[in-house]
Amino acid sequence: MMIKQAVLVFLVLGLTACSGADHNSLPSNSGISNSLLEDMPNDRTDSYVVNPDVQIFIDRMALDHDYDKERLELAFSHIKVRPTVIEKSDNQPESITPYYEYKTRFVTESRAKSGYQFAKENEKWLKKAEQEFGVESDVIVALIGVETYYGRITGSKDVFTSLTTLAFDYPRRKDYFQSELEAYLLLAREEGWNIGETKGSYSGAMGMVQFMPSNYRKLAVDYDQDGHIDLWGSEADAIGSVANYLKHHGWVTNQDWFVLAQVTAPKKVVADINRGRVADTDMATWSSLGVLPLQSFLPVKTGLIGLRTSSEDMTYWLAYENFFTIMDYNPSRRYAMSVLELAVSIGSYENN
Ligand SMILES: [Ca+2]
């Protein structure tokens with residue numbers, strides 16, 4: 001989540017492909033996972049530990065957080081230096097997939113059915129989260145459904161290796177990934193994980209809700225109160241964490257997400273379609289620009305969304321604040337619309 005706008009590709013996908021996270025095992029004596037220890041480069045000079053930037057990072061972790069320097073030296077000496085990560089340009093297929101194609105990955109009958117079942121199994125936690133955070137359960141469930149198919153696909157890459165590669169060999173976003181690496185190492189210490197045993201996405205997003213380490217530390221919650229925040233194994237923790245995230249980013253309880261709209265003069269609003277990530281324009285202004293809601297609407301500000309719903313058709317919506325709060329999870333309109341459409345499907349599944 002949250003960095004999907006940057007489509008990254010590893011030149012060499014040499015990462016271990018075993019699935020699941022063994023993050024619940026006890027820390028080894030070294031605090032490093034066995035899989036990482038077994039993955040020894042032939043020569044220490046092929047490892048990240050000899051990189052001067054890594055040495056600076058290690059010194060800073062020791063100084064700022066009193067982090068065990070030997071443990072870090074050992075961990076970084078077991079990651080082979082990988083070729084620089086490259087970024088696909090903005091016009092790669094991934095970023096221009098039209099909405100009607102994009103949504104077929106997420107808004108499906110089977111995903112709605114599984115979401116309905118997930119909701120039934122977790123009714124207790126979803127009700128609690130609705131009350132405590134004010135986020136509707138269908139939205140929480142749909143978000144987990146789009147992120148990882150309700151926890152079925154949480155990523156199989158070692159988070160420490162992914163973040164190290166991005167932190168030191170992806171110049172454009174190295175500050176961001178160094179701070180995520182820092183958060184990951186602190187999280188590992190707090191949660192008692194061996195460094196290198198936590199699996200996630202290629203960019204270091206973790207668990208059923210695909211939180212980056214900084215959000216894991218800041219916004220994830222131990223909702224079943226077993227003493228650990230486990231976003232892989234605990235559906236309760238995943239539910240509470242998503243609800244807390246959305247509340248933190250301004251979710252408005254029980255407010256609609258959008259209304260369908262008609263755009264009578266597209267040229268007049270060409271700069272307003274998919275502009276920004278805020279609901280900042282009132283209905284009177286939209287009306288003067290020829291944008292007319294096709295359904296009953298709330299007297300609050302909205303933003304204009306336009307997405308391709310077939311090869312010929314563009315559909316428009318006036319989106320309320322909550323639509324943009326979903327975009328705080330992943331800044332893609334197609335993503336936000338998919339989550340909300342899946343939420344509708346899950347909510348109406350029982351009546352199918
Ligand atoms: Ca827990």
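Student: What pLDDT does the chain average?
Tutor: The chain averages a pLDDT (the predictor's confidence in each residue, from 0 to 100) of 90, and 88% of the residues score at least 70. This is a predicted model, in which local features need pLDDT of at least 70 and side-chain atom pairs count only at pLDDT 80 or more, while totals for chains, interfaces and linings use all residues. Residues are numbered from 1 along each chain as its sequence is written.

Student: Where does pLDDT stay under 50?
Tutor: That happens over residues 9–26. Where pLDDT is low, the predicted coordinates should not be read in detail.

Student: OK, new topic: which position does UniProt list for "active site"?
Tutor: The unreviewed UniProt entry lists Glu 147, though such annotations may be inferred rather than shown by experiment. Glu 147 is found in helix α8, residues 137–148, where helices are DSSP runs (H or I, at least four residues) numbered from the N terminus.

Student: Is Glu 147 buried or exposed?
Tutor: Glu 147 counts as buried because 26 C-beta neighbours lie inside 10 Å; the cut-offs are 20 or more other C-beta atoms within 10 Å for buried, 12 or fewer for exposed, and partly exposed in between, with C-beta atoms placed from the backbone.

Student: And Arg 105, where does that lie?
Tutor: Arg 105 lies in the loop between α5 (99–102) and α6 (109–121), and it counts as exposed because it has 12 C-beta neighbours inside 10 Å. The C-alpha atoms of Arg 105 and Ser 338 are separated by 9.1 Å, although these residues are 233 apart along the chain.

Conventions: Helices (H or I, at least four residues) and strands (E, at least two) are DSSP runs, numbered from the N terminus. Two residues are in contact if their C-beta atoms, placed from the backbone, lie within 7 Å.
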